[in-house]
Amino acid sequence: MIASASVAERHAFLTSLEEVDGALLALPYLFEFWAHPHQLPPEGDWRSWVILGGRGAGKTRAGAEWVRSMVEGARPLDKGAARRVALVGETLDQVREVMIFGDSGIMACAPPDRRPEWLATRRTLRWPNGAEAVACSAHDPESLRGPQFDAAWVDELAKWKRAQEAWDMLQFTLRLGSHPRICVTTTPRNVGVLKALLASPSTVVTHAPTEANRAYLASSFLDEVRERYAGTRLGRQELDGDLLDQVDGALWSLETLEQSRCEALPEFDRIVVAVDPPAGSSKRSDACGIVVAGVVTDGPPQDWRAVVLEDASVQGVSPLVWARRAITAMERWGAQALVAEVNQGGDMVEAVLRQVDPLVPVVRVHASKSKGARAEPVAALYEQGRVAHHGVFDALEDEMCRMTRTGFEGAGSPDRLDALVWALTDLVIARAAEWRVPRVRTLQR
């Protein structure tokens, strides 16, 4: 198939053709000729078309081309099936930079005689035939109360912070025309709004892994991510485009983690960087878990609230490199201490850290329980709503959702999770135990 051939082969094919009434000029813009099967809308009377795919599987191009197919007519000034389209991304910046002006966005796909004009002050694309597409932000669901549309392209629905609210508001705007339709392009995540959409009888789905679009991706990228993430839940989600179910008995669920997101940060009473060092430094060795977290300790321990601030973990680096990375994270967040597990290397771990900063305050911790036993009280903090995540930490959260009371249900070692457990144990669990001891003794007297 010429669409999957190399750039040189495609160029040779096109230059070998003879021009016939402008057909050769039009060929690069005939998406039906170049598209993969998962990039073409299914037949039938559907309302929502969901394109599930791995990173780089061609979802954005499919969404942009679908918008073209809806607004364009047979000739540049002819009307299409849709006259007013909503372009909905997580933020306005992402709509503009990815959906409109991105390498696979609407402007890149448009033929010269049908290219729309970007009206920045109105956040609107206007085609020569009068059709318009309006940029909308899922970050502000209330902004969807006023406008109305006959079609919508929704990008990365599964990662929206206010997904259900924005999706509900969008449904009320689709009230123009005889048959409003939505195209949803997203990497899957186990979130309620996506699962409900996929279960709807009016939804159709196409699916493809990252490799489906390998002709347009760097081979080194595919080799690297497959080597690193093959066999992991994160790889199945981000590369295979699979919607993952929960591991039986997992201490954390994706729903719990989605509900724990926070944007604003409080003034912390203590911040630490926790390090779970690896046994080796080769590319195939375990990662060095490095997690930053902070806590607010107003009132009794049951009122304390912690926030995970950063996953700075690295893999395949020397001890000096991960030590520098951990101490740089301390400086970046103004951390008071570096919590380091010393099971692997003992005094060597602290010695490496002090090579980078001789005065770094190190809290040495030693694992005397199993990973599941150490993680369980930390998971309880999440269930109580006492831990939030400042952002999305895919690799860390993948490990969290594979940890059970009896152990880790995944390949390798959950080094990021181990670092998270050490950080929250220091910030909340260990300090709460210290807080209670003097009060118990006072009562005994």
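I started at S13, where Leu338 stands opposite Val362. I note that this is a predicted model, where local features need pLDDT of at least 70, side-chain atom pairs count only at pLDDT 80 or more, and totals for chains, interfaces and linings use all residues. Residues are numbered from 1 along each chain as its sequence is written, and side-chain values use heavy atoms, with hydrogens and water left out.

**Sheet.** I looked up how S12 and S13 are joined: they run parallel, with four bridges between them. Strands here are DSSP runs of E, at least two residues; helices are runs of H or I, at least four; both are numbered from the N terminus. I then traced the open sheet of six strands and read the order S13-S12-S9-S10-S11-S14, with mixed pairing. S13 and S14 (387–389) are the edge strands, each pairing on one side only. Pairing takes at least two DSSP bridges between two strands. On average, neighbouring strands of this sheet are turned by 25° against each other, direction ignored. Axes are lines fitted to C-alpha atoms, for helices over the stretch in contact; angles run from 0 to 180 degrees between N-to-C directions.

**H12.** I found H12 lying across S9 (270–276), S10 (289–296), S11 (305–311) and S12. H12 runs at about 170° to S9.

**H13.** Which residues of H13 (347–356) are buried? I list Val349, Glu350, Val352 and Leu353. Seen down the helix axis, the buried residues fall within an arc of 160°, so they line one face of H13. The arc is taken from the directions from the helix axis to the C-beta atoms. Asp347 and Gln355 are exposed on the other side. Buried is under 20% relative accessible area, exposed over 50%, partly exposed in between (1.4 Å probe, protein chains only). The buried residues of H13 pack against H12 (319–333), S12 (337–341) and S13 (362–365).

**H5.** I checked H5 (92–100) next and found Val95, Met99 and Ile100 buried. They cover an arc of only 75° around the axis, which puts them on the same side of H5. Their packing partners include S2 (84–89), H6 (106–109) and S5 (132–137).

**Thr203.** I placed Thr203 in S8 (203–208). Is Thr203 buried or exposed? Thr203 counts as buried because its relative accessibility is 12%. Its side chain reaches the backbone oxygen of Leu197 at 2.8 Å. Leaving aside neighbours within four places in sequence, I list Ser48, Val50, Leu197 and Leu198 in contact with Thr203. Contact means heavy atoms within 4.5 Å.

Note on methods: Polar contact = N/O pair within 3.5 Å; in protein donor to acceptor, adjacent residues only side chain to side chain.
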